[in-house]
Amino acid sequence: MNTCIFCKIIEGKAPAKIVYESDQVVAFHDIHPKAPVHILIVPRKHIPRIADLEPEDHGIMGEVIGAAKAVAEQFGVGDGFRLVVNNGAIAGQSVFHIHFHLLAGRCLGWPPG
Ligand code: AMP
C-alpha cells in the first residue's frame, strides 16, 4: 500500500490547497509555510529523491521547473523567488517524494541554513 502523503494529495485522497495541475505536475501550498509564498511543486510520478532519478525522468523534471515558473507568475513573484530541493534526511528531506519548495515574498538570506 502506498502511504506517501504527496501521492495521496495527487490522487485527491488527502486535502491540499492545489494551485496548479498538469499531466505530470501538481503544486500546492505547504502546510507549514516558511515564507509568505511557499508552494510545493511535485511530479505526479512517485520518485523518492533526486538521487533516485533515472534518465527517463529528466523530462518530468523539466516539466516541474516549467511549472515552478508558471506558479511564480501566478503569485506575482516571477522576479524574485527561490527553488529548494532537499535530497535525503541529512539535507532536511522529510517527505520522500521529490518536491521543489518555491519560496518568495520576503528577503531570502544566502547561504541557506
Ligand atoms: P522536506 O522537508 O524538504 O521534505 O519538505 C516537506 C514539506 O512538506 C515540509 O515543508 C512540510 O511542511 C510539507 N508538508 C508535509 N505534509 C504536508 C501536507 N499534507 N500538505 C502540505 N504540505 C505538507
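**Exercise 1.** Find which backbone nitrogen lies 2.7 Å from a polar atom of the Q93 side chain, and describe the surroundings of Q93.

*Solution.*
Step 1. The backbone nitrogen is that of G88, 2.7 Å from a polar atom of the side chain of Q93. A polar contact is a pair of N or O atoms within 3.5 Å; within protein, one must be able to donate a hydrogen and the other to accept it, and residues adjacent in sequence count only if both atoms are side-chain atoms.

The structure is a predicted model, in which local features need pLDDT of at least 70 and side-chain atom pairs count only at pLDDT 80 or more, while totals for chains, interfaces and linings use all residues. Residues are numbered from 1 along each chain as its sequence is written, and side-chain values use heavy atoms, with hydrogens and water left out.

Step 2. The side chain of Q93 also reaches the backbone oxygen of P48, at 2.9 Å.
Step 3. Q93 sits in the loop between β4 (82–84) and β5 (100–104). Helices (H or I, at least four residues) and strands (E, at least two) are DSSP runs, numbered from the N terminus.
Step 4. With a relative accessibility of 6%, Q93 is buried (buried: under 20% relative accessible area; exposed: over 50%; partly exposed: in between; 1.4 Å probe, protein chains only).
Step 5. Apart from neighbours within four places in sequence, Q93 is in contact with P48, R49, N86, N87, G88 and H99 (contact: heavy atoms within 4.5 Å).

**Exercise 2.** Count the salt bridges and characterise the pair formed by D57 and K45.

*Solution.*
Step 1. The criterion is a side-chain nitrogen of Lys or Arg within 4 Å of a carboxyl oxygen of Asp or Glu. It gives 5 salt bridges.
Step 2. In the salt bridge between D57 and K45, the closest N and O atoms are 2.6 Å apart. Both D57 and K45 lie in the loop between β3 (37–43) and α2 (58–74), so the pair ties together parts that are 12 residues apart in sequence.
Step 3. D57 is buried at 2% relative accessible area, whereas K45 is partly exposed at 37%.
Step 4. Another of the salt bridges joins R49 and D52, at 3.0 Å from N to O. R49 is partly exposed at 29%, and D52 is partly exposed at 27%.
Step 5. E11 and K13 also pair, at 3.3 Å from N to O. Here E11 is partly exposed at 46% and K13 is exposed at 65%.

**Exercise 3.** Identify the residues with the most contacts inside the largest nonpolar core, and state which element gives the most to this core.

*Solution.*
Step 1. A nonpolar core is a set of buried Ala, Val, Leu, Ile, Met, Phe, Trp, Tyr and Cys residues joined through side-chain atoms within 4.5 Å.
Step 2. The largest such core has 18 residues, and I39, I41 and L102 have the most contacts inside it.
Step 3. β2 (25–29), β3, α2 and β5 each give two or more residues to this core. The most come from α2, with 6 residues.
Step 4. Not counting residues up to four places away in sequence, L102 touches several residues, including V37, I39, I41, A68, V71 and F81.
Step 5. A second, separate core has 11 residues, among them F6, I10, V42 and V95.
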